[in-house]
Amino acid sequence: MAEIKQVFVPDIGAYKDVGVIEVMVKAGDTIKAEDTLLTLETDKAAMDVPSPYAGVIKELNIKVGDKISQGSLILSIEIAAGKPAAAAAVAPAPVAPVAAAVAAKPVAAPVVAQTVQPVVSGAKAHASPAIRRFARELGVDVSFVKGSGEKSRVTKDDVQMFVKAAIAAPRGAAGGMQVLAMPVVDFAKFGSIETKPLSRIKKISGANLHRNWVTIPHVTQFDEADISDMEAFRKDLGAEYASQNIKITPLAFLLKAAVAALQKYPDFNASLDASGENLVYKQYFHIGVAVDTPDGLMVPVLRDVDKKGIVQLAKELGEISARAREKKISAADMQGGCFSISSLGGIGGTAFTPIINAPEVAILGVSKSSMKPVYKNGEFVPRLMLPLSLSYDHRVIDGASAARFTAYLAKVLSDIRLLAV
Ligand code: CAO
């Protein structure tokens with residue numbers, strides 16, 4: 001038959017009226033012999049009081065803040081039948097001296113923990129052996145956990161919250177690197193200010209850009225294409241179609257050249273699957289085009305670029321960018337892309353490092369073409385050079401492949417007869 005036992009405060013030396021700073025159990029808990037029941041704190045040290053019995057706690061007679069001495073009743077426990085007491089073997093276990101722990105000051109706020117609480121870094125945490133053991137079992141360094149208990153003592157809840165926060169933290173934020181929290185600056189202190197909300201598009205694209213930037217290992221490969229001949233042809237074509245209101249810009253040629261390079265190097269027309277262990281090769285060629293709108297960046301997708309001619313693509317480009325600027329683009333218009341092109345050529349610049357539009361694995365940045373002296377056949381000749389900046393996902397694409405892809409793209413743009421081959 002079950003037997004009820006009472007558990008009293010054991011011999012704690014000469015101490016009397018010692019404060020209870022933590023209670024680890026509650027009525028109804030099933031505990032093992034030597035599980036920590038509570039932590040006491042004297043002016044010199046903290047100590048854990050373990051249970052002499054295994055069983056189910058029936059009644060708890062103390063709470064945090066109580067002052068207790070040897071012989072004070074802690075709890076009543078229904079001990080498991082056939083499991084005799086081991087009371088004589090159990091004594092309080094000393095914890096780190098209080099003074100050292102109280103002196104600990106939070107010094108930094110790494111990303112992993114900041115969602116829950118600031119972090120004590122490089123400082124000695126104030127935690128009982130039981131909590132230290134509990135943290136150790138979960139693989140948590142208790143010195144990184146901010147204590148919410150009395151005198152910043154780390155409690156079981158603090159450790160659990162820390163683990164929950166680490167699990168919930170976005171992939172890429174966790175790990176050995178500790179990132180400082182952004183400082184909160186009162187800009188008004190330095191001059192007059194005005195605060196305006198970000199547009200809905202900026203909020204959505206910003207979150208995606210942030211995720212892609214922190215989770216994809218980006219490398220950008222730069223190259224130049226001699227587009228002197230292409231430009232002559234483009235001008236002729238442009239003059240021909242101007243009456244039909246079709247504006248033929250270098251971007252239409254870039255779309256076709258990109259498809260030629262994607263066909264030659266299929267890894268660039270692929271995506272990692274959800275497991276991250278397989279590459280999904282697409283047999284279609286849909287290309288996203290970054291469009292600058294007054295409310296922010298949108299990337300509508302042109303479908304089946306391989307099956308369309310330059311004029312058709314130029315027409316669609318004009319239509320889709322007009323629709324984007326009039327906010328008439330739907331979510332579906334921006335899905336299904338295999339590769340993206342971001343052209344700042346109409347604005348200026350010599351190169352930039354575009355952010356990959358996941359789950360795509362590469363994006364081509366295009367800057368403004370300019371006349372440059374190019375050394376050819378023993379002399380410098382003026383050529384129209386187009387700067388290309390290809391950012392790629394280095395998990396999927398090697399540097400050599402990226403250099404080959406970009407060189408091939410430049411070759412096709414230099415001799416657009418290759419598009420017909
Ligand atoms: N070098 C030199 N001139 C260029 C050029 C280049 N690489 N690309 C375009 N141009 C010229 C065009 O020929 C056109 O000249 P004309 O007015 O004399 O005919 C002028 O620049 C303007 O072109 P455009 O911008 O109207 O047309 P586009 O096809 O080049 O681009 C679009 C269309 C929608 C992509 C563009 O308007 C746009 O929004 N670009 C910004 C994209 C962006 O913000 N990217 C950054 C995203 S962050 O990665």
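**Ligand shell and salt bridges**

In this predicted model, an oxygen atom of the ligand lies 3.4 Å from a side-chain N or O atom of Lys247, a polar contact (a pair of N or O atoms within 3.5 Å). Local features need pLDDT of at least 70, side-chain atom pairs count only at pLDDT 80 or more, and totals for chains, interfaces and linings use all residues. Residues are numbered from 1 along each chain, and side-chain values use heavy atoms, without hydrogens and water.

Thr249 places a side-chain N or O atom 2.5 Å from a ligand oxygen. Gly345 contributes a backbone N or O atom, 3.5 Å from a ligand nitrogen. Taken alone, the ligand exposes 960 Å², and the protein buries 71% of that (Shrake-Rupley method, 1.4 Å probe). The shell divides into nine nonpolar, eight polar and five charged residues.

The whole structure holds 17 salt bridges (a side-chain nitrogen of Lys or Arg within 4 Å of a carboxyl oxygen of Asp or Glu). Asp226 and Lys376 form one of them, at 3.6 Å from N to O. This pair links strand E10 to strand E19, 150 residues apart. Asp226 is buried at 10% relative accessible area, whereas Lys376 is partly exposed at 35% (buried, under 20%; exposed, over 50%; partly exposed, in between; 1.4 Å probe, protein chains only).

Arg323 pairs with Asp333, their closest N and O atoms 2.7 Å apart. Arg323 sits in helix H8 and Asp333 in the loop between H8 and E17. Glu319 and Lys315 also form a salt bridge, at 3.6 Å. These two are four residues apart in helix H8, so about one helical turn separates them.

Definitions and conventions: Polar contact = N/O pair within 3.5 Å; in protein donor to acceptor, adjacent residues only side chain to side chain. Nonpolar A, V, L, I, M, F, W, Y, C, P; charged D, E, K, R; others polar.
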